[in-house]
Each structure stands twice: as structure tokens, then as C-alpha cells.
Amino acid sequence: MLTVQQAVEHMLTTIKPIDSREFITLESAVDRVLAVPIQSTIDVPGYNNSAMDGFAFRAQDIEISTQLRCIGQSLAGHPFTGMVGPGECIRIMTGAQVPESVDTVVPQENTSEVEPKLIQVNSATTLGANIRLLGEELQVGAVVYPAGHRLTPVDIGMLASLGIALVEVLRPLKVAVFSTGDELILPGEAKQPFQIYDSNRFVLHAILERMGFQVVNLGLVADDPARIEATFREAANKADAIVCSGGVSVGDADYTKIVIEKIGQVGFWKVAMKPGKPFAFGQIEHTWFFGLPGNPVSATVTLLQLAAPALRKLSGEAYAAPLTIAAVAGEPLKKRPGRADFQRGILRYENGESRVYSAGPQGSGMLSSMVQGNCLIRLSAEQGNVAIGDRVEVELLQAPVK
Ligand code: AMP
Ligand code: MG
């Protein structure tokens, strides 16, 4: 049995990212992966500008008299073109260019107009105050993003601020999704007592889409080796990766492994984690295969902890370990040494510290624990029971999960 870390490392070293590229406009670039690093071709800010609405002058003049004659104005988009002489100032607005002939800005609220065009500076000022300097944020040539960065809405704004209209990105990863199980039916259908509604496919589809992938949804597949094989072949034709749930353990109707062994290769099978354990990683022709357990919590947690890093790598995205924080157990948590546990928890900030509580019964089939929970409590394989007050590692569940 592999540890979670070994399983992830194995997949990350095996998988080589896709490399087909395209240029796209900023409007469609969110969630796409940069194919090349982005360097700034301009200085940001591009000119010295005022951080305040106020008055601009030379700091040394204030030592002689705190009253300055206002001789003009500089507005955003309409710079002052004259010279500011001794004892003079100009009115200046936020973002407006600061002329060479001045070096300091005082905010409007620290001034008064003693007579028309005669400004009294009422506060102490320091040389250079309230001026954003040319290039203080970014200079020409600065690497703003490495290749492999997945673009967020803020990143799109950053690219726009650099004057970049087209970005070179990798094509979106195509991921085929399907569910296996003779007991599964579609929501909306009338249910026999021995049937259950397929929920995994809806969760997997939605998470994968939020991760920035194009999902090819192949529906429900019966526990029939011939049907499973046909679906795998179709998926391998249409997608870069396949994520399916169910049929990966050792029950009588678990055909997924047998089929992959017949038409492809299976990488590994068991991972020491809870929920989870049966997890298949393999390949059919050029398409990678991730077989998740059928239990809904297991399917979601193995998608996040195991398949997601591998899919991100395949999509060209640079690997980043999940962001975790330390929290204090607000109640005892049951845990047996042996497998790494990802318990669903509720994290709250209480009395100056982050405390985490169990999200309720932790059965791997109980999706309600993920509905109630806002985090995963990551307990190492060696860890035993957690006592109240113990420090634990917590991973927040947020987009793309929640
Ligand atoms: P399996 O991994 O196929 O042995 O399934 C394990 C458990 O998960 C069984 O109780 C299944 O009924 C359930 N299950 C399998 N697939 C799904 C699905 N797509 N949606 C909800 N439950 C499922
Ligand atoms: Mg099954």
C-alpha cells in the first residue's frame, strides 16, 4: 500500500504535461494556464503620480512659508505642463502626473485656502510624501508570472494593467467522467428500494469544471465488462484523462481494474488513506485514468487529494501543495493509526484561536459530512486519537470544492 505522498509523487513524476498552445484574449483567459512566463514591458507606475487629492510643491519651500500660491492643476489624464516655482504649488488629483518641478504632495484635508489661490499647509510634511514613484511596483523586464500559472480574475487585471491583450496559454485539459454501478439511476427517475441516485458524477463534473478543465460527461455505465470497455475506449478517444467512480475495489462486480488491465496499464491500486484506499491510476493509450472509489465522500476526497494534483500537472499547471493551517481540536476525534485520515471538520475562529470540530458521522458514504463541513482535518497515518486541545492540520474546503 502506498502513502498519499508516495502516490502523488509517483503520478507527478510519471505524467508529462500537454503542450499544445494558443493565443487568446484576456476576456477568455480566466482559469487558463500560461504557456510561457510573463515579463513586464513597461514600468508600473509608468510615471510619478499622486496618491492623494491635494496640493503638490517643493518640500524645501515649506520651511520658508507654509503659505503657497496655487498656479494650476494636474488631473488624471491631464498633466500640468508648466513650471512650479519657489513658493508655488499646484492642485493635484489622485493618479495625476507629478511634475518634475515638485517633490511632495499634501492631502487636501491638511490644507486650507486662506484667500483665493493662497493655500495654507497645516500639517508637517516629509519630502516625497504621497507620491507613487515610476516603476515602484514593477520595472521593465520583471517576471510577473512563471509559465504554468493558472490565471485568476485578479491576474487578468494585472495582465491588462501591463497592456497585454493576448496571452499564450495551453489548451484546456479534456477530462472524461462517468459512473459505474448497476444500482445507480439518474436523479428524476423513479427509484426501486435497491437503487440509489448517481451523485458522484455531478460532484466530479462540477469540481473538474471549476478546476478549469473541459468535462466530457459519459453518463452512467452498468457493471458489465463489455460496456465498461466500450466506455473506456470512447473516453480515451475523446479526452486527455478519465475520472470514473465505482468498481475499483475487490467486489464481485468491480470490473474497472480487469478492463484496464486488458486494454491498458494499471499503475497502482491501494493508497493508505481514509476515506479512500481503493484508487486506480493507469493509462489507456495516451489517456490517463483515475479510478475513484464509489462511496461519495471517498470519491470526492480522492479526487482532491490524489487525482487533482495529477490532473493539474497534466494540464501544465505548476504543482502547489494544498494550503493548510494549524487549528486546535475543539473536541476529541477518533482515529486509528495506519492510514492518513481526511476527516470532515467545521473550522471556527473562537476566543482568539482557530478551533476545529467534527462535521458529524464520518462514514465514507455520508455526503452530509461534506455538506456540513468547511474543512478537511488532515491526520497522519501514524496519528492515533486526537484529544481536545491538540493541534491539528486543517485544509479549507473552498472553490473548486465548495
Ligand atoms: P463501489 O466502489 O462500486 O464498490 O461502490 C461503493 C459504494 O458507493 C456503494 O455503496 C455504491 O452504491 C456507492 N456508489 C458507487 N457509485 C456511486 C455514485 N456514482 N453515486 C453515489 N454512490 C455511489
Ligand atoms: Mg460498484
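Below are my notes on the ligand site, a salt bridge and some backbone details.

**Entry 1: the model**
I reminded myself before anything else that this is a predicted model.

**Entry 2: where the ligand sits**
I began with the pockets and asked which of them holds ligand 1. I found ligand 1 in the second largest pocket. I then looked up which elements give two or more residues to the shell around ligand 1. They are β13, spanning 174-180, and β15, spanning 196-197.

**Entry 3: who surrounds it**
I listed 17 residues around ligand 1, and those that come nearest are E183, D198, S199, G247 and G294.

**Entry 4: polar contacts of the ligand**
I went through the N and O atoms next, using 3.5 Å as the limit for a polar contact. G247, already on my list of nearest residues, has a polar backbone atom 2.9 Å from an oxygen atom of ligand 1. At N200 I again found the backbone involved, with an N or O atom 3.3 Å from a nitrogen atom of ligand 1. For S179 I noted a side-chain N or O atom, and the distance to a nitrogen atom of ligand 1 is 3.4 Å.

**Entry 5: a salt bridge**
I searched the whole structure for salt bridges and got 16. I picked out the one between R171 and D240, where the closest N and O atoms are 2.8 Å apart. What does this pair tie together? R171 is in the loop between β12 (166-170) and β13, while D240 is in the loop between α5 (225-238) and β17 (241-245), so the bridge links parts that lie 69 residues apart in sequence.

**Entry 6: cis peptide bonds**
I looked up omega at two prolines. From V44 to P45 the peptide bond is cis, with omega near -10°. I placed P45 in the loop between β2 (38-39) and β3 (49-50). The bond from A399 to P400 is cis too, with omega near 10°, and P400 belongs to the segment after β26 (391-396).

**Entry 7: positive phi**
I finished with phi at two lysines. K117 is a residue other than glycine with a positive phi, near 70°, and I found K117 in the loop between β8 (111-115) and β9 (118-121). For K277 I wrote down a phi near 75°, also positive. K277 lies in the loop between β19 (273-274) and β20 (278-284).

Definitions and conventions
Residues numbered from 1 in each chain as written. Chains lettered and ligands numbered in written order. Predicted model: local features only at pLDDT ≥ 70, side-chain atom pairs only at ≥ 80, totals over all residues. Heavy atoms only, no water. Near = heavy atom within 4 Å. Polar contact = N/O pair within 3.5 Å; in protein donor to acceptor, adjacent residues only side chain to side chain. 1 Å grid on protein atoms, 1.4 Å probe; cavity = no way out; pocket = protein on both sides within 12 Å on 5 of 7 lines; lining within 4 Å. Sits in = over half its atoms within 2 Å of the grid points. Helix = DSSP H or I, 4+ residues; strand = E, 2+ residues; numbered from the N terminus. Salt bridge = Lys/Arg side-chain N within 4 Å of Asp/Glu carboxyl O.
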